[in-house]
Amino acid sequence: MKFFGTDGIRGRMGEEPITPVTILKLGWALGRVLAEKNGHRGAVIIGKDTRVSGYLLESAIEAGLISAGTDVQLLGPMPTPGIAYLTRTARAHAGVVISASHNPYSDNGIKFFSPDGEKLDDEIEGAIEAMMEETMQTVESSELGKARRYPDAAGRYIEFCKSTIPARYTLEGLHIVLDCAHGASYHIAPLVLEELGAKVITIGDDPDGFNINAGFGATDTQALRQAVTENKADLGIALDGDADRLIMVDKLGNEVNGDQLLLIMALARKARGSLKGGVVGTVMTNLGMQQALEAQGIEFIRAAVGDRYVLDLLKQKGWQLGGESSGHIICLDKTTTGDGIIAALEVLRVMLDTGKGLDELASAMQVCPQVMINVNVPRSFDIKSDSSICNAVKQAEKTLGSDGRIVLRASGTEPLVRVMIEGVDGQQVRSECESLAGVVREAVVAFNSLHG
(Lines give C-alpha, C1' and ligand atoms only; values in the text may rest on other atoms or scores of the structure.)
Protein backbone atom coordinates (compact mmCIF):
# COMPACT_ATOMS: atom_id res chain seq x y z
CA MET A 1 0.00 0.00 0.00
CA LYS A 2 1.06 3.60 -0.54
CA PHE A 3 0.43 4.86 2.99
CA PHE A 4 -0.31 1.95 5.35
CA GLY A 5 2.48 -0.19 6.79
CA THR A 6 2.35 -3.02 9.31
CA ASP A 7 1.21 -0.65 12.05
CA GLY A 8 -0.79 2.10 10.39
CA ILE A 9 0.83 5.16 8.84
CA ARG A 10 4.15 6.29 10.31
CA GLY A 11 6.79 8.87 9.49
CA ARG A 12 8.66 11.97 10.52
CA MET A 13 6.40 14.88 11.38
CA GLY A 14 6.27 17.39 8.51
CA GLU A 15 7.34 14.85 5.90
CA GLU A 16 4.87 12.92 3.76
CA PRO A 17 2.61 11.31 4.67
CA ILE A 18 2.66 12.89 8.15
CA THR A 19 1.69 16.38 7.01
CA PRO A 20 -1.42 18.43 7.89
CA VAL A 21 -2.78 18.30 4.33
CA THR A 22 -2.42 14.54 3.97
CA ILE A 23 -3.82 13.79 7.43
CA LEU A 24 -6.76 16.13 6.75
CA LYS A 25 -7.57 14.14 3.64
CA LEU A 26 -7.00 10.87 5.49
CA GLY A 27 -9.71 11.87 7.97
CA TRP A 28 -12.06 12.76 5.13
CA ALA A 29 -11.33 9.45 3.37
CA LEU A 30 -11.99 7.49 6.57
CA GLY A 31 -15.29 9.31 7.06
CA ARG A 32 -16.37 8.65 3.49
CA VAL A 33 -15.47 4.94 3.63
CA LEU A 34 -17.31 4.49 6.94
CA ALA A 35 -20.39 6.30 5.60
CA GLU A 36 -20.49 4.10 2.50
CA LYS A 37 -19.93 0.95 4.55
CA ASN A 38 -22.47 1.71 7.29
CA GLY A 39 -25.02 3.78 5.38
CA HIS A 40 -24.92 6.68 7.85
CA ARG A 41 -22.53 9.26 9.31
CA GLY A 42 -21.54 7.35 12.46
CA ALA A 43 -19.01 8.47 15.07
CA VAL A 44 -15.23 8.10 15.41
CA ILE A 45 -13.15 8.24 18.60
CA ILE A 46 -9.76 9.99 18.49
CA GLY A 47 -7.00 9.55 21.07
CA LYS A 48 -3.30 10.42 21.07
CA ASP A 49 -0.06 10.13 23.00
CA THR A 50 1.89 13.08 24.41
CA ARG A 51 3.91 14.23 21.37
CA VAL A 52 3.72 17.95 20.65
CA SER A 53 2.66 17.15 17.07
CA GLY A 54 -0.43 15.39 18.39
CA TYR A 55 -2.26 18.69 18.69
CA LEU A 56 -1.77 19.45 15.00
CA LEU A 57 -2.61 15.96 13.74
CA GLU A 58 -5.64 15.69 16.01
CA SER A 59 -7.03 18.91 14.59
CA ALA A 60 -6.29 17.87 11.00
CA ILE A 61 -7.92 14.44 11.14
CA GLU A 62 -10.83 15.84 13.17
CA ALA A 63 -11.46 18.45 10.46
CA GLY A 64 -11.30 15.82 7.75
CA LEU A 65 -13.81 13.58 9.50
CA ILE A 66 -16.20 16.45 10.18
CA SER A 67 -15.98 17.57 6.55
CA ALA A 68 -17.13 14.08 5.53
CA GLY A 69 -20.13 14.35 7.88
CA THR A 70 -18.72 12.15 10.66
CA ASP A 71 -19.14 12.94 14.36
CA VAL A 72 -15.98 12.94 16.47
CA GLN A 73 -15.35 12.15 20.14
CA LEU A 74 -12.01 13.35 21.51
CA LEU A 75 -10.22 11.38 24.24
CA GLY A 76 -7.05 13.46 24.63
CA PRO A 77 -3.92 11.60 25.80
CA MET A 78 -4.82 7.92 26.11
CA PRO A 79 -2.91 4.62 25.84
CA THR A 80 -3.43 2.87 22.52
CA PRO A 81 -5.15 -0.13 24.18
CA GLY A 82 -7.42 2.30 26.02
CA ILE A 83 -8.50 3.76 22.69
CA ALA A 84 -9.24 0.25 21.43
CA TYR A 85 -11.32 -0.48 24.54
CA LEU A 86 -13.32 2.76 24.38
CA THR A 87 -13.90 2.38 20.64
CA ARG A 88 -15.59 -0.93 21.39
CA THR A 89 -17.58 0.10 24.46
CA ALA A 90 -18.73 3.42 22.95
CA ARG A 91 -20.03 1.51 19.90
CA ALA A 92 -17.99 3.85 17.68
CA HIS A 93 -17.57 3.03 14.01
CA ALA A 94 -13.79 3.41 14.27
CA GLY A 95 -11.06 4.52 16.63
CA VAL A 96 -8.13 6.73 15.63
CA VAL A 97 -4.77 6.54 17.40
CA ILE A 98 -2.31 9.41 16.92
CA SER A 99 0.98 7.93 18.06
CA ALA A 100 4.38 6.67 16.96
CA SER A 101 4.54 4.32 19.93
CA HIS A 102 8.18 3.80 20.98
CA ASN A 103 9.66 6.21 18.40
CA PRO A 104 11.12 9.65 19.29
CA TYR A 105 8.94 12.76 19.52
CA SER A 106 9.91 13.93 16.02
CA ASP A 107 7.96 10.99 14.54
CA ASN A 108 4.23 10.44 14.59
CA GLY A 109 1.63 8.23 13.03
CA ILE A 110 -2.00 7.31 12.60
CA LYS A 111 -3.61 3.92 13.03
CA PHE A 112 -7.22 2.84 13.18
CA PHE A 113 -9.28 0.43 15.23
CA SER A 114 -12.43 -1.29 14.02
CA PRO A 115 -15.70 -1.19 16.03
CA ASP A 116 -14.51 -4.42 17.70
CA GLY A 117 -11.40 -2.70 19.03
CA GLU A 118 -9.14 -4.52 16.58
CA LYS A 119 -6.90 -3.11 13.88
CA LEU A 120 -8.63 -2.44 10.58
CA ASP A 121 -8.33 -5.22 8.05
CA ASP A 122 -6.44 -4.74 4.80
CA GLU A 123 -9.63 -4.38 2.78
CA ILE A 124 -10.78 -1.29 4.69
CA GLU A 125 -7.29 0.22 4.65
CA GLY A 126 -7.21 -0.33 0.89
CA ALA A 127 -10.57 1.40 0.51
CA ILE A 128 -9.29 4.40 2.50
CA GLU A 129 -6.20 4.65 0.29
CA ALA A 130 -8.36 4.48 -2.83
CA MET A 131 -10.65 7.22 -1.48
CA MET A 132 -7.61 9.46 -0.88
CA GLU A 133 -7.08 9.51 -4.65
CA GLU A 134 -10.50 11.13 -5.07
CA THR A 135 -11.14 14.88 -4.98
CA MET A 136 -12.04 15.98 -1.47
CA GLN A 137 -15.55 17.40 -1.24
CA THR A 138 -17.13 18.73 1.93
CA VAL A 139 -20.70 17.74 2.72
CA GLU A 140 -23.44 20.37 2.96
CA SER A 141 -23.30 22.54 6.09
CA SER A 142 -26.41 20.83 7.46
CA GLU A 143 -24.61 17.46 7.21
CA LEU A 144 -21.29 18.42 8.82
CA GLY A 145 -20.14 16.28 11.74
CA LYS A 146 -19.79 17.55 15.30
CA ALA A 147 -17.02 17.14 17.85
CA ARG A 148 -17.18 16.70 21.62
CA ARG A 149 -14.99 15.53 24.47
CA TYR A 150 -15.59 11.94 25.55
CA PRO A 151 -16.69 12.03 29.21
CA ASP A 152 -14.25 10.61 31.80
CA ALA A 153 -12.25 8.59 29.29
CA ALA A 154 -9.35 8.03 31.71
CA GLY A 155 -11.62 6.94 34.56
CA ARG A 156 -13.47 4.42 32.42
CA TYR A 157 -10.26 2.83 31.20
CA ILE A 158 -8.76 2.74 34.70
CA GLU A 159 -11.77 0.79 35.96
CA PHE A 160 -11.54 -1.61 33.03
CA CYS A 161 -7.86 -2.33 33.74
CA LYS A 162 -8.61 -3.04 37.39
CA SER A 163 -11.45 -5.36 36.43
CA THR A 164 -9.11 -7.71 34.54
CA ILE A 165 -7.91 -9.37 37.75
CA PRO A 166 -10.36 -10.88 40.26
CA ALA A 167 -11.66 -8.53 42.96
CA ARG A 168 -10.13 -10.64 45.74
CA TYR A 169 -6.61 -9.56 44.72
CA THR A 170 -4.92 -6.61 46.35
CA LEU A 171 -1.47 -5.21 45.68
CA GLU A 172 -1.01 -4.08 49.30
CA GLY A 173 2.52 -4.74 50.45
CA LEU A 174 4.03 -4.49 46.97
CA HIS A 175 6.51 -1.66 46.40
CA ILE A 176 6.60 -0.83 42.68
CA VAL A 177 8.54 1.66 40.57
CA LEU A 178 6.53 2.62 37.48
CA ASP A 179 8.03 4.22 34.37
CA CYS A 180 5.46 5.83 32.04
CA ALA A 181 8.00 6.93 29.37
CA HIS A 182 6.58 10.49 29.58
CA GLY A 183 3.84 9.02 27.44
CA ALA A 184 0.11 8.42 27.26
CA SER A 185 -0.17 6.39 30.48
CA TYR A 186 1.24 9.08 32.80
CA HIS A 187 -2.16 9.92 34.29
CA ILE A 188 -3.60 6.40 34.17
CA ALA A 189 -1.11 3.65 35.08
CA PRO A 190 -0.16 5.13 38.50
CA LEU A 191 -3.82 5.30 39.54
CA VAL A 192 -4.49 1.70 38.46
CA LEU A 193 -1.70 0.40 40.70
CA GLU A 194 -2.39 2.75 43.60
CA GLU A 195 -6.12 2.02 43.64
CA LEU A 196 -5.29 -1.69 43.83
CA GLY A 197 -3.21 -1.00 46.92
CA ALA A 198 0.40 -0.86 45.74
CA LYS A 199 2.99 1.60 46.99
CA VAL A 200 4.06 3.31 43.77
CA ILE A 201 7.01 5.49 42.87
CA THR A 202 6.44 6.92 39.40
CA ILE A 203 9.09 8.16 37.00
CA GLY A 204 8.73 9.29 33.38
CA ASP A 205 5.40 10.93 34.26
CA ASP A 206 6.06 14.55 33.27
CA PRO A 207 5.46 14.81 29.51
CA ASP A 208 6.33 18.10 27.80
CA GLY A 209 5.64 17.08 24.21
CA PHE A 210 9.31 16.44 23.46
CA ASN A 211 10.53 13.91 26.04
CA ILE A 212 8.37 10.90 25.16
CA ASN A 213 10.50 7.70 25.28
CA ALA A 214 13.67 9.79 25.81
CA GLY A 215 15.77 7.89 28.35
CA PHE A 216 12.70 6.32 29.91
CA GLY A 217 10.17 3.57 29.24
CA ALA A 218 10.18 0.08 27.77
CA THR A 219 12.86 0.90 25.19
CA ASP A 220 15.36 2.25 27.75
CA THR A 221 15.11 0.74 31.24
CA GLN A 222 18.31 2.15 32.72
CA ALA A 223 16.51 4.80 34.80
CA LEU A 224 13.98 2.22 36.00
CA ARG A 225 16.62 -0.34 36.93
CA GLN A 226 18.46 2.29 38.94
CA ALA A 227 15.28 3.47 40.67
CA VAL A 228 14.28 -0.09 41.63
CA THR A 229 17.59 -0.87 43.31
CA GLU A 230 17.96 2.56 44.95
CA ASN A 231 14.46 2.38 46.44
CA LYS A 232 14.73 -1.33 47.30
CA ALA A 233 11.47 -1.89 45.43
CA ASP A 234 9.98 -5.31 44.75
CA LEU A 235 9.92 -4.71 41.00
CA GLY A 236 9.70 -2.13 38.24
CA ILE A 237 7.21 -1.70 35.42
CA ALA A 238 8.15 0.06 32.18
CA LEU A 239 5.58 1.06 29.56
CA ASP A 240 6.37 2.68 26.22
CA GLY A 241 5.01 5.96 24.87
CA ASP A 242 1.56 4.60 24.02
CA ALA A 243 1.54 1.91 26.74
CA ASP A 244 1.02 -1.11 24.52
CA ARG A 245 4.45 -2.51 25.48
CA LEU A 246 5.58 -3.87 28.84
CA ILE A 247 9.08 -4.57 30.12
CA MET A 248 9.62 -5.30 33.82
CA VAL A 249 12.59 -5.16 36.19
CA ASP A 250 13.11 -7.54 39.11
CA LYS A 251 14.21 -6.46 42.59
CA LEU A 252 17.86 -7.06 41.65
CA GLY A 253 17.62 -4.58 38.78
CA ASN A 254 17.54 -7.19 36.02
CA GLU A 255 15.38 -6.53 32.98
CA VAL A 256 12.62 -9.07 32.28
CA ASN A 257 11.56 -8.87 28.64
CA GLY A 258 8.40 -9.77 26.75
CA ASP A 259 9.42 -13.38 26.13
CA GLN A 260 10.08 -14.02 29.82
CA LEU A 261 6.85 -12.30 30.86
CA LEU A 262 4.84 -14.29 28.33
CA LEU A 263 6.34 -17.51 29.64
CA ILE A 264 5.48 -16.56 33.24
CA MET A 265 1.86 -15.99 32.23
CA ALA A 266 1.62 -19.20 30.19
CA LEU A 267 3.07 -21.43 32.93
CA ALA A 268 0.78 -19.86 35.54
CA ARG A 269 -2.29 -20.32 33.34
CA LYS A 270 -1.37 -23.95 32.74
CA ALA A 271 -1.00 -24.50 36.49
CA ARG A 272 -4.43 -22.92 37.06
CA GLY A 273 -5.96 -24.96 34.24
CA SER A 274 -6.94 -21.81 32.36
CA LEU A 275 -4.49 -21.92 29.44
CA LYS A 276 -6.54 -22.25 26.28
CA GLY A 277 -4.42 -23.88 23.59
CA GLY A 278 -0.85 -22.76 23.19
CA VAL A 279 1.20 -19.58 22.84
CA VAL A 280 1.96 -17.44 19.78
CA GLY A 281 5.33 -15.71 19.51
CA THR A 282 7.17 -14.23 16.54
CA VAL A 283 10.24 -15.00 14.48
CA MET A 284 12.15 -12.84 17.01
CA THR A 285 11.03 -14.82 20.06
CA ASN A 286 13.97 -16.28 21.97
CA LEU A 287 14.55 -20.00 21.47
CA GLY A 288 14.74 -20.39 25.25
CA MET A 289 11.06 -19.52 25.57
CA GLN A 290 10.07 -22.09 22.97
CA GLN A 291 12.12 -24.75 24.75
CA ALA A 292 10.61 -23.91 28.17
CA LEU A 293 7.06 -24.04 26.81
CA GLU A 294 7.56 -27.30 24.97
CA ALA A 295 9.15 -28.86 28.07
CA GLN A 296 5.79 -28.27 29.79
CA GLY A 297 3.81 -29.67 26.87
CA ILE A 298 2.63 -26.23 25.70
CA GLU A 299 2.39 -25.76 21.96
CA PHE A 300 4.24 -22.78 20.48
CA ILE A 301 4.07 -21.23 17.02
CA ARG A 302 5.76 -18.21 15.47
CA ALA A 303 4.10 -15.35 13.59
CA ALA A 304 5.69 -12.59 11.56
CA VAL A 305 6.86 -9.60 13.60
CA GLY A 306 4.00 -7.27 14.50
CA ASP A 307 1.23 -7.61 17.05
CA ARG A 308 -1.41 -7.71 14.28
CA TYR A 309 0.14 -10.95 13.01
CA VAL A 310 0.27 -12.41 16.51
CA LEU A 311 -3.41 -11.52 16.90
CA ASP A 312 -4.29 -13.08 13.54
CA LEU A 313 -2.69 -16.39 14.56
CA LEU A 314 -4.35 -16.34 17.99
CA LYS A 315 -7.74 -15.94 16.34
CA GLN A 316 -7.02 -18.64 13.77
CA LYS A 317 -5.99 -21.12 16.47
CA GLY A 318 -8.61 -20.09 19.01
CA TRP A 319 -5.86 -19.36 21.57
CA GLN A 320 -5.62 -16.46 24.03
CA LEU A 321 -1.98 -15.70 24.81
CA GLY A 322 0.68 -14.29 22.52
CA GLY A 323 3.28 -11.59 22.23
CA GLU A 324 6.67 -10.27 21.24
CA SER A 325 10.08 -9.94 22.88
CA SER A 326 9.67 -6.16 22.73
CA GLY A 327 6.82 -6.38 25.23
CA HIS A 328 3.68 -6.40 23.09
CA ILE A 329 1.64 -9.00 25.00
CA ILE A 330 -1.91 -9.92 24.05
CA CYS A 331 -4.27 -11.51 26.56
CA LEU A 332 -7.14 -12.11 24.16
CA ASP A 333 -9.50 -13.25 26.90
CA LYS A 334 -9.21 -9.79 28.45
CA THR A 335 -8.71 -7.30 25.63
CA THR A 336 -8.32 -7.06 21.87
CA THR A 337 -4.80 -5.71 21.53
CA GLY A 338 -1.46 -5.53 23.32
CA ASP A 339 -1.90 -3.75 26.66
CA GLY A 340 1.06 -3.01 28.93
CA ILE A 341 -1.00 -2.23 32.03
CA ILE A 342 -3.20 -5.33 31.76
CA ALA A 343 -0.18 -7.56 31.07
CA ALA A 344 1.58 -6.13 34.14
CA LEU A 345 -1.45 -6.89 36.31
CA GLU A 346 -1.44 -10.50 35.12
CA VAL A 347 2.23 -10.89 36.09
CA LEU A 348 1.54 -9.31 39.49
CA ARG A 349 -1.27 -11.81 39.98
CA VAL A 350 1.19 -14.66 39.38
CA MET A 351 3.52 -13.20 42.00
CA LEU A 352 0.65 -13.05 44.49
CA ASP A 353 -0.54 -16.58 43.69
CA THR A 354 2.91 -18.16 43.97
CA GLY A 355 4.55 -15.98 46.60
CA LYS A 356 7.58 -15.77 44.30
CA GLY A 357 9.50 -12.70 43.26
CA LEU A 358 9.82 -11.67 39.65
CA ASP A 359 13.46 -12.82 39.61
CA GLU A 360 12.48 -16.36 40.60
CA LEU A 361 9.61 -16.50 38.11
CA ALA A 362 11.84 -15.25 35.28
CA SER A 363 14.42 -17.97 35.99
CA ALA A 364 12.07 -20.54 34.42
CA MET A 365 13.52 -19.49 31.06
CA GLN A 366 17.11 -20.06 30.01
CA VAL A 367 17.72 -17.21 27.60
CA CYS A 368 19.69 -18.21 24.50
CA PRO A 369 22.31 -15.64 23.42
CA GLN A 370 20.65 -13.31 20.94
CA VAL A 371 22.14 -10.24 19.29
CA MET A 372 20.22 -7.72 17.19
CA ILE A 373 21.78 -4.82 15.30
CA ASN A 374 19.71 -2.14 13.59
CA VAL A 375 21.06 -0.72 10.33
CA ASN A 376 19.67 2.52 8.91
CA VAL A 377 18.50 2.11 5.32
CA PRO A 378 16.65 4.19 2.71
CA ARG A 379 12.93 3.44 2.71
CA SER A 380 13.18 2.07 -0.83
CA PHE A 381 16.00 -0.36 0.00
CA ASP A 382 15.08 -4.04 -0.51
CA ILE A 383 17.25 -6.49 1.43
CA LYS A 384 15.88 -9.50 -0.45
CA SER A 385 17.09 -8.26 -3.83
CA ASP A 386 20.71 -7.64 -2.79
CA SER A 387 22.90 -10.62 -3.72
CA SER A 388 25.72 -9.71 -1.31
CA ILE A 389 23.31 -9.84 1.64
CA CYS A 390 21.73 -13.10 0.47
CA ASN A 391 25.16 -14.73 0.10
CA ALA A 392 26.26 -13.49 3.54
CA VAL A 393 23.13 -14.94 5.13
CA LYS A 394 23.77 -18.34 3.53
CA GLN A 395 27.35 -18.32 4.78
CA ALA A 396 26.31 -17.37 8.31
CA GLU A 397 23.66 -20.12 8.33
CA LYS A 398 26.34 -22.61 7.29
CA THR A 399 28.64 -21.43 10.09
CA LEU A 400 25.95 -21.61 12.78
CA GLY A 401 24.50 -24.91 11.62
CA SER A 402 21.58 -26.34 13.60
CA ASP A 403 22.63 -24.46 16.75
CA GLY A 404 21.70 -21.03 15.45
CA ARG A 405 18.96 -18.96 13.86
CA ILE A 406 19.10 -15.84 11.65
CA VAL A 407 16.34 -13.27 11.16
CA LEU A 408 16.89 -10.42 8.72
CA ARG A 409 13.91 -8.13 8.31
CA ALA A 410 12.93 -4.58 7.46
CA SER A 411 11.21 -2.68 10.25
CA GLY A 412 7.57 -1.95 9.63
CA THR A 413 7.70 1.35 11.53
CA GLU A 414 11.18 2.82 10.94
CA PRO A 415 13.70 3.01 8.05
CA LEU A 416 15.77 0.21 9.54
CA VAL A 417 16.86 -3.32 8.75
CA ARG A 418 17.01 -5.51 11.85
CA VAL A 419 19.77 -8.12 11.85
CA MET A 420 19.19 -10.76 14.52
CA ILE A 421 21.22 -13.89 15.20
CA GLU A 422 20.57 -16.38 17.97
CA GLY A 423 22.52 -19.46 19.06
CA VAL A 424 24.20 -21.32 21.89
CA ASP A 425 27.63 -19.65 21.68
CA GLY A 426 27.34 -15.99 22.67
CA GLN A 427 30.72 -14.99 21.22
CA GLN A 428 29.96 -16.64 17.90
CA VAL A 429 26.50 -15.06 17.77
CA ARG A 430 27.97 -11.58 18.35
CA SER A 431 30.69 -12.07 15.74
CA GLU A 432 28.33 -13.37 13.05
CA CYS A 433 25.75 -10.63 13.72
CA GLU A 434 28.34 -7.85 13.48
CA SER A 435 29.70 -9.37 10.28
CA LEU A 436 26.27 -9.64 8.65
CA ALA A 437 25.32 -6.12 9.76
CA GLY A 438 28.55 -4.89 8.14
CA VAL A 439 27.52 -6.49 4.86
CA VAL A 440 24.13 -4.75 5.05
CA ARG A 441 25.83 -1.38 5.68
CA GLU A 442 28.11 -1.88 2.67
CA ALA A 443 25.10 -2.75 0.53
CA VAL A 444 23.36 0.46 1.67
CA VAL A 445 26.44 2.53 0.72
CA ALA A 446 26.43 0.93 -2.74
CA PHE A 447 22.69 1.52 -3.08
CA ASN A 448 23.02 5.20 -2.13
CA SER A 449 25.86 5.79 -4.60
CA LEU A 450 23.84 4.18 -7.37
CA HIS A 451 20.59 6.03 -6.63
CA GLY A 452 22.04 9.36 -5.63
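How far apart are the mean positions of the positive and negative charges of the protein? In this predicted model, the 44 positive and 59 negative charges have mean positions 3 Å apart.

Figure 1. Along the principal axes, its C-alpha atoms fill a box of roughly 65 × 65 × 40 Å. Of contacts between residues at least 6 apart in sequence, 70% join residues at least 24 apart.

Figure 2. Turning inwards, 58% of the 452 residues are buried.

**Figure 3. The largest nonpolar core, a set of 68 residues.** Look here for L193, I237 and L348, which touch the most other members of this core. Helix α11, spanning residues 340-354, gives the most to the core, with nine residues.

**Figure 4. A closer look at I237 and its contacts.** Leaving aside neighbours within four places in sequence, I237 is in contact with I176, V177, L178 and D179, and also with L193 and L224. L246, I247 and M248 are in contact with I237 as well, as are A344 and L348.

**Figure 5. Another core, of 31 residues.** This core lies apart from the one that holds I237. Among its members are F3, I9, A94 and I128.

Technical notes:
Residues numbered from 1 in each chain as written. Predicted model: local features only at pLDDT ≥ 70, side-chain atom pairs only at ≥ 80, totals over all residues. Heavy atoms only, no water. Core = buried A, V, L, I, M, F, W, Y, C linked by side-chain atoms within 4.5 Å. Buried < 20%, exposed > 50% of the residue type's maximum accessible area, 1.4 Å probe, protein only. Helix = DSSP H or I, 4+ residues; strand = E, 2+ residues; numbered from the N terminus. Contact = heavy atoms within 4.5 Å. Lys, Arg positive; Asp, Glu negative; His and termini not counted. Charge placed at Lys NZ, Arg CZ, Asp CG, Glu CD.
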